[in-house]
Amino acid sequence: HQPRLLFLDEPTTGLDPQSRAYMWDEIRRLRQEGMTVFLTTHYLEEADALCDRIAIIDHGWVVAEGTPADLKREIAGDVVTLGISRTRVAEAAQALEGAPYLRNSEKLDAGLRLYVDHGASAMPQIMRALDATGVEFDSVELHRPSLDDVFLAKTGRSLREDAA
């Protein structure tokens, strides 16, 4: 039996790391043999590693579709995540509003997620803007966009919030 199409619904949920790696290898092997594998997963790093094309579905609607690289490219630039006291998040967002290096921002429970063109040059400006308003931050993280960032940008929320 060699089907041309195989549907896998969250095949690695609950697996230990060794079994998960084996499953990933098996999916890659099937694809190399020419089988089309339709995979549903909440593990976006898994989708990034295994899939040629991705569709992000939110409340039954496809909100984004493309290759992993194309989807991440849509959210060009870098992501800066700031840990800020919950009582100061709104003040920090206001201090950064309209900054020329800022593409978009999202308020988090205890911080801000900032989408910027160039993280290395934006971070000092972010720190100066917050310092000028007296807003202190607990942590700062800089990273390239991931499929998690694509999901958040396209749906406006995290998977954890969906589950709640």
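Which residues does E106 touch, not counting residues up to four places away in sequence? Select E106 and see: G111, L112, R113, Y115, L152 and A153. Contact here means heavy atoms within 4.5 Å.

Before moving on, note that this is a predicted model, where local features need pLDDT of at least 70, side-chain atom pairs count only at pLDDT 80 or more, and totals for chains, interfaces and linings use all residues. Residues are numbered from 1 along each chain as its sequence is written, and side-chain values use heavy atoms, with hydrogens and water left out.

**Stop 1: E106.** Stay on E106, in strand β6 (residues 102-108). Strands (E, at least two residues) and helices (H or I, at least four) are DSSP runs, numbered from the N terminus. E106 counts as buried because its relative accessibility is 16%. The classes are buried under 20% relative accessible area, exposed over 50%, and partly exposed in between (1.4 Å probe, protein chains only). Now show Y115: its side chain makes a polar contact with the side chain of E106 at 3.0 Å. A polar contact is a pair of N or O atoms within 3.5 Å; within protein, one must be able to donate a hydrogen and the other to accept it, and residues adjacent in sequence count only if both atoms are side-chain atoms. A salt bridge puts a side-chain nitrogen of Lys or Arg within 4 Å of a carboxyl oxygen of Asp or Glu. R113 is buried too, at 14%.

**Stop 2: helix α6.** Select residues 147-155. L147, D149, V150, F151, L152 and T155 are buried. At the N-terminal end, S146 is the cap: a side-chain oxygen lies 3.2 Å from the backbone nitrogen of D148. After α6 comes G156, with a positive phi near 80 degrees.

Stop 3: Pick R31 and D52, with closest N and O atoms 2.6 Å apart. R31 lies in helix α1 (residues 17-32) and D52 in the loop between α2 (44-50) and β3 (54-58), so the pair ties together parts 21 residues apart in sequence. R31 is partly exposed at 27%, whereas D52 is exposed at 52%. Next, D48 and K72: 2.8 Å between the closest N and O atoms. D48 lies in helix α2 and K72 in helix α3 (residues 68-74), so this pair links parts 24 residues apart in sequence. Finish with R20, E45 and E46, linked in a network of salt bridges.
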